[in-house]
Amino acid sequence: MTRSVLTRTAAALTMAALSVGLPHCALADDATPHDLPADTLGEATVVTYRLPAAMTSALPVQRLDTLALMRRGVTDIGDALRRFAGVNLRDYGGAGGLKSVSVRGLGAAHTVVSYDGLPVSDAQSGQIDMSRYSTDRLAGIGLEVADAAPILSPVRLLSAAQVVMWSAQPDTAATRVSAALRHGSFGTVSPAFTLSTPLSRRTALSVGGDFYYGRNDYPFTLENGVATSRERRVNSRMQSWNGEANLFTSLPGGTWLSKVSYYNNHRRLPGAVTYYTNANNERQQEQAALAQTLWRQAFGHWGFMAGAKFNFQENRYTNISGEYPGGRLEQFYWQREWYATAGASYRVGNLNLSYAVDAAHQALNSNLATDTDVARLSLLQALSVRYAIGAVTATARLAAHVYDNHSDDGESAQDAKRLTPMFSLAWAAVRSHRLQLNARAFYQELFRVPTFTESYYYHLGSQDLKPELTRQVGAGVTLFFTDATAWWRSTSLTVDGYFNRVSDRIMSIPYTLYVWRTTNLGKVETAGLDVTLESHFCPAEGHELILSANHSIQSATDKSNPAVSTYGQQLAYTPLHSGTVSLAWENPWVNFVAHTTYASSRWSNNEHLATTGLPGYGETGFGLYRAFGLRHVRIEARADLLNAFDKQYAIIRRYPMPGRAYRLSLKLTW
């Protein structure tokens, strides 16, 4: 083998190592041993960096893979979501609390969640409880605003804010087994396992699961005027488990991934904190079964995509209390969804055309005499055009929405139709070895029909609701440079501004203490600015510092009626300022990370009453982590101290978050 071939081989191996996230500061130029024979090729170090996702997208993109999750001290899915700029997470407290996500002030129902390429849905509430997903089962999580990355995608994923999750791809080369165990404060224990094995040269199967148990009985301080007492959350126990199997086939020019999963959760609901009593006997049992398949294929200038899924969800809510007839209230719901998507794209020169169609049938029934069996048939179509000339890429899309509602007994919700456009423009202003600069701008319209709860729920829903229409405009820049100095290796900076105007916003308002009504409230306007930063430093050989930060400014105000008190007020639970900062130090011994998440003061209602203010907070944590090999086993060990300064705060009023806590985790892969 010639020296040039060996050099290329060494470079390729080093590039492969970097692609899985090994440190960039591992070797210095003089690290070659001096006692080698004169004709022996010395060890070479090739330093390179993958471009951030934002550099290759015309629209704002943020992503965290498993290495980035460790480097930022992320401990669960809710913590991961808070690390994205522009995200407003509603967390009802603790590891078992409901977690829903809103992006850029649009509301949780406007945020689409996709898992391995297909959308996750909940026709009843319109929002996905992110707490059901474990980071142990994910290879990464991302946020895409205004558009999906591939031009050929399911229509539900286009022209919407999208939380993207993807699992580890089954290995077609060798059998892999991993087992993990987490333990933490407040009785938390969570084992997980994954087995991946090849079935043929191109096909592999993976099966895995995880279990979670936690008492979640963390202490908190209850302030009642001059009286202050130390209390504990009660009725907070949660027990859940997930099982999942994936069948992956690598095709010439394409992929085929099929998935089946089952989720079961028994949780006690602690409810809001009240004075003088902790009595509460609310229970909720959930189960969900999913089967889905997605095929992608390229043939020359053509690209094809087809997928389908069936989803079943059951929700059983029970409240044992003497105030109800018979001493208990029971509300059981069952929902089903049949979904299919297909599309094709054609590329000729610099022009790429794409057409996709989604069809879905959703149905919901319950045990309540006041509710009827309801269903919705939806048909979504999208025609997309993308044209690249030089450093400029333009994308245009027209989407058609058709919704047909049906009720077995009683009045059904209004049917709806709408065309929504999207335009985006990206300019690669600078493309050099050390410096790259992208600029982007977009306009889009979003169309959201009311959920089943908003349309039909007893003492809440209204069949007369109009769909929401959102118009959003945004612009931003991304700067990426490498090798600034010998110790300052790379920096990525993104700045994005946006403005939303929502017409006929769907809101629930109280008429009496026990009767609410959902109605359309005219206009809501949101203006915001998102900034992200990531820098890599190499202060010494074998040492790397990774600084990550984001900050969001979001002004979301009611512009419906100047005569009412809420006009011009910041919307409930929307902080004006929020963000995160983390600093990781990777070294030859034990890696260390420190991180802080913060938010400014908020209000729990739109009226901004004196008693409904929520103070700002900053939560700081520290972590140690290390990965090493022992024979044929890779071991990842981690210890985290969460909320190290025992800061008491609440994201949702009267739902206190946990104070100081620890978490230990161990993962073995062989």
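## Largest cavity

The largest cavity has a volume of about 690 Å³. Here a cavity is a set of points, on a 1 Å grid over the protein atoms alone, where a 1.4 Å probe fits but cannot get out. Volume is the space filled by probe spheres set on the points, which are joined across faces, edges and corners. The lining has 33 residues, and those closest to the centre are Ala109, Val112, Arg156, Tyr403 and Arg448. A lining residue has an atom within 4 Å of a point.

Strands β4 (111-115), β5 (118-120), β19 (374-389), β20 (392-407) and β22 (435-448) each give two or more residues to this lining. β22 provides the largest share, four residues. By class, the lining holds 17 nonpolar, 11 polar and five charged residues. Ala, Val, Leu, Ile, Met, Phe, Trp, Tyr, Cys and Pro count as nonpolar; Asp, Glu, Lys and Arg as charged; the others, Gly among them, as polar.

## Model and chain

This is a predicted model: local features need pLDDT of at least 70, side-chain atom pairs count only at pLDDT 80 or more, and totals for chains, interfaces and linings use all residues. Residues are numbered from 1 along each chain as its sequence is written, and side-chain values use heavy atoms, with hydrogens and water left out.

The protein chain has four helices and 37 strands. These are DSSP runs numbered from the N terminus (helices: H or I, at least four residues; strands: E, at least two). Of its 670 residues, 49% are buried, meaning under 20% relative accessible area with a 1.4 Å probe, protein chains only. Take contacts (heavy atoms within 4.5 Å) between residues at least 6 apart in sequence: 63% join residues at least 24 apart.

## Second cavity

The whole structure contains 10 cavities of 30 Å³ or more. α3 (77-82), β30 (591-599), β33 (617-630) and β37 (661-669) each supply at least two lining residues. The classes here are nine nonpolar, 12 polar and eight charged.

## Glu468

Glu468 lies in strand β23 (residues 468-482). Glu468 is buried, at 2% relative accessible area. Its side chain makes a polar contact with the side chain of His110 at 3.0 Å. Such a contact is a pair of N or O atoms within 3.5 Å; within protein, one must be able to donate a hydrogen and the other to accept it, and residues adjacent in sequence count only if both atoms are side-chain atoms. Beyond four places in sequence, the contacts of Glu468 include Arg448, Asp504 and Arg505.

How values were computed. Buried < 20%, exposed > 50% of the residue type's maximum accessible area, 1.4 Å probe, protein only. 1 Å grid on protein atoms, 1.4 Å probe; cavity = no way out; pocket = protein on both sides within 12 Å on 5 of 7 lines; lining within 4 Å.
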